[in-house]
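Biologist: I am new to this structure. Could you take me through it step by step?
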Amino acid sequence: MNFFLRAISIPYKFLLITLTMLFSGLIPCDAQNIDATIGTYADKYGQERAYFHYDKSAYAAGETVWFKAYLMTEILPSHESKTLYTDWIDENGSLLHHMVSPMVDAVTNGQFDIPAEYKGKVLHVRAYTKWMLNFDSTFLYTKTIPILSREGGPTPAKALPVSSISFFPEGGDAILGLSNKIAFKANDQWGRPVRVRGVVLGSDGKIADSLRTMHDGMGFFNLTPQAGLSYSVRWKDEKAVERTTPLPVIKKEGVALEVTLSGANRSFNVRFTPEMAAASDTFHIVGTMYQRQAFRIARPTRSPIKGLIPTGALPSGILTITVFDSKWKALAERITYVNNWEFDFTPEMEVQHWGLNKRARNEVRITIPDSISADLSISVTDMSIGTDSNNNIVSHLMLSSDLKGDIYRPSYYFSNRSDSISQHLDLVMLTHGWRRFKWDDIVSGKFPKLRFERDTSYLTMSGKIYGMLPGQIEPGASIFLIVKQKDVEGKFLVVPVKTDGTFRESSLILFDTANVYYQFQKSKAKGINDVAVQFMTDRLPSPSLKGPFTPAKGASPDTSGYFKQWLLANEANMINERLRVKTLENVTVRSRGKTPIQLMDEKYASGLFKDGDGYQFDLLNDPFAISGGNIFNYLQGKVAGLQINTTGGTPSLQWRGGSPQIYLDEVPTNPEFISSVNVSDVAYIKVFRPPFLGGFNGANGAIAIYTRRGGDVKAEPGKGLSNNKVFGYTAIREFYSPNYGSFKVGNDQRDVRTTLYWNPSVIVTPQRRQATINFYNNDVTKGFRVVIEGMTRDGRLAHVEQIME
């Protein structure tokens, strides 16, 4: 019996599908609990997806990475989360910098300066909101950026003569006696697709079917398993190496779900064994998109269930089709991609003034369609440097960010609207079986446990008083603050303090760092000024990193221009270094002073704490010290053999078979107390190898932590008051683009920039449909690559890449 599903419009950001019955006798289903639970998931647990547009695809040590971040939920920009966290991680998994950025209208931008001494071949980026940390960490934004060297970049992996193949029965399982479509995916050990061919063999030696790669290592074959037989595939890869791989275990009872592309629609066919029909008189079929229910039908199990789903009016994205028995146990599931291109808009680019000569001026006009408000980011780079076009804002936010597992060249699936690409994309759906829903939880009405609430407000001057007893802070109490920042006029604030010790001044949003001097008022407790105050308690520290960062596998970028890019970057760094040295050429060095670490040791350590073999860390002069958030995160990976576990409650430390003794300002303490000490309050750390003779329990070594003292911070107004160094949002700089239309002394230097122009904030509206950008060429570039990406207020996306030569 066939069904037909008709799309209807509703006043919501998403379309639902209702069933039109073309026959009588349909069994109604009572599934209000399922409906309500799915609705709650969509309304209260909608998940966010992030994407970064970079000014270019590879960098050299000493260069600056410029980026713009976009955030979406379902098919719209995500406006709820106001703060984005970005971790910059080296190739060994150690944190280089923890960045905090404000989200304005679902976008933000910033920059990261790669240390000039960085020796790694790659740089990893991980970004997330607090809300994203409540769900599977696989869906945090990640990116691996090549770091160039004299060799040009990371050495491309050479495939060993070893390939692997995986099999994916459509619907989840291969069922005995039923016709099953079984997809496969063949890759080398680096995740790159491999062309294969072979045959499906039964244990009786007979050939059941043949297989051959259809696209990027993927394909499928059909199999009707027979009783008493097991099955395997004998196949060869590109190197003609023959292997035999067993197929997944055949189930004796079950459901086979087949979904096929039928023009703009999807047809489905549910077949099942007699045992399944006897056990359940009704099957429920539910379709979901973006965690929202799209349709739900119920059908008696007297015969196979067939139907047609019109998808022309649906939003683009992954449609999940799930089959349940009468008790709402999930039996089979299939995902299919709906691509109606309603998300797409194309800015027009018109060159108004060409300037390919040395330092010539260029002018480009960007025009968007009528009635669109869009936020764009634009990069212009040297055409001859390396590029990576395997993924972009469209393919990431519409596809790869919503699947678990690597997708090879995801941008290909949005390169045009041909039927062949739709068929190839369906192979991706067949070979990626993970779903966002855990149906057992849905059926039981169980919801995710949230560790973090949404950041629905920006990080403002806030904090909490610790060490107070209940009732010691009177109603109407306040705290007096003096906030000093470099090159910013000081602020004097009187902020109310709640009886629980918390306070917030919503009018003050901090960027970069500030020295905050404070004094309490109206308190019953004597000596209250001696208690601890922690500022910016809602600022999330970087989560602990567990081992080496595992990059996503996928297509390799175009590395043909990497060596030239490294040469230009190296020359630019040398020019900048000469300029820096020139400013110091009149400085006379009269004596060789002590190193900063020697000065720190003289100032802080005393007695036996001055001696001993170990490690020393100067946090005052470490620009990345604050990224750790707390001392244990900072020490992660810095001391050979020291194991720090910060999961759960109290942190634990293990070193050479035991726990090292911990000291704070040379007074014994414990890990629980130290975990509450902010890194910004620490000046110096010494880690002594065992045995440590400066105190008791030193057989397993010791960790001495010294807090900041007078003279560590330059004297400021408010001297004499308690003070803290407070960190707000990471400072955002403006990209420097020289203006050769006017004379400047700096223009005399040779210009070898590979990024000619970067603008992360190009706003176009129906009232102002055009934006004009101007930039000047450098001394060597003969052609430009212009990349425009953006998002509209209603969630449409744009990616345009053009060459100017």
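Predicted model: local features only at pLDDT ≥ 70, side-chain atom pairs only at ≥ 80, totals over all residues.

Biologist: How many salt bridges does a search of the whole structure find?
Modeller: The search finds 28, where a salt bridge is a side-chain nitrogen of Lys or Arg within 4 Å of a carboxyl oxygen of Asp or Glu.

Biologist: Which residue forms a salt bridge with aspartate 35?
Modeller: Arginine 296 does, with the closest N and O atoms 2.6 Å apart. Aspartate 35 belongs to helix H1 and arginine 296 to strand E22, 261 residues apart. Helices (H or I, at least four residues) and strands (E, at least two) are DSSP runs, numbered from the N terminus.

Biologist: And what does the side chain of aspartate 113 meet?
Modeller: Aspartate 113 meets arginine 733 in a salt bridge at 3.0 Å, N to O. The two are 620 residues apart: aspartate 113 is in strand E9, and arginine 733 is in the loop between strands E42 and E43.

Biologist: Changing topic: is glutamine 111 buried or exposed?
Modeller: Glutamine 111 counts as buried because its relative accessibility is 6%; buried means under 20% relative accessible area, exposed over 50%, and partly exposed in between (1.4 Å probe, protein chains only). Glutamine 111 also lies in strand E9.

Biologist: What does the side chain of glutamine 111 reach?
Modeller: It reaches the backbone oxygen of alanine 731 at 2.9 Å and the backbone nitrogen of arginine 733 at 2.9 Å. Arginine 733 is itself partly exposed, with a relative accessible area of 39%.

Biologist: Now the open sheet of five strands: what is its order?
Modeller: The order is E35-E40-E41-E38-E39, with mixed pairing. The edge strands, E35 and E39, each pair on one side only. Two strands pair if DSSP finds at least two bridges between them.

Biologist: In which sense do E38 and E41 pair?
Modeller: They pair in the parallel sense over four bridges. Tyrosine 663 has alanine 704 in E41 as its bridge partner.

Biologist: Which helix packs on the sheet?
Modeller: Helix H7 does, touching E35, E40 and E41, where contact means heavy atoms within 4.5 Å.

Terms used
Residues numbered from 1 in each chain as written. Heavy atoms only, no water. Polar contact = N/O pair within 3.5 Å; in protein donor to acceptor, adjacent residues only side chain to side chain. Axes fitted to C-alpha atoms, helices over the stretch in contact; angles between N-to-C directions.
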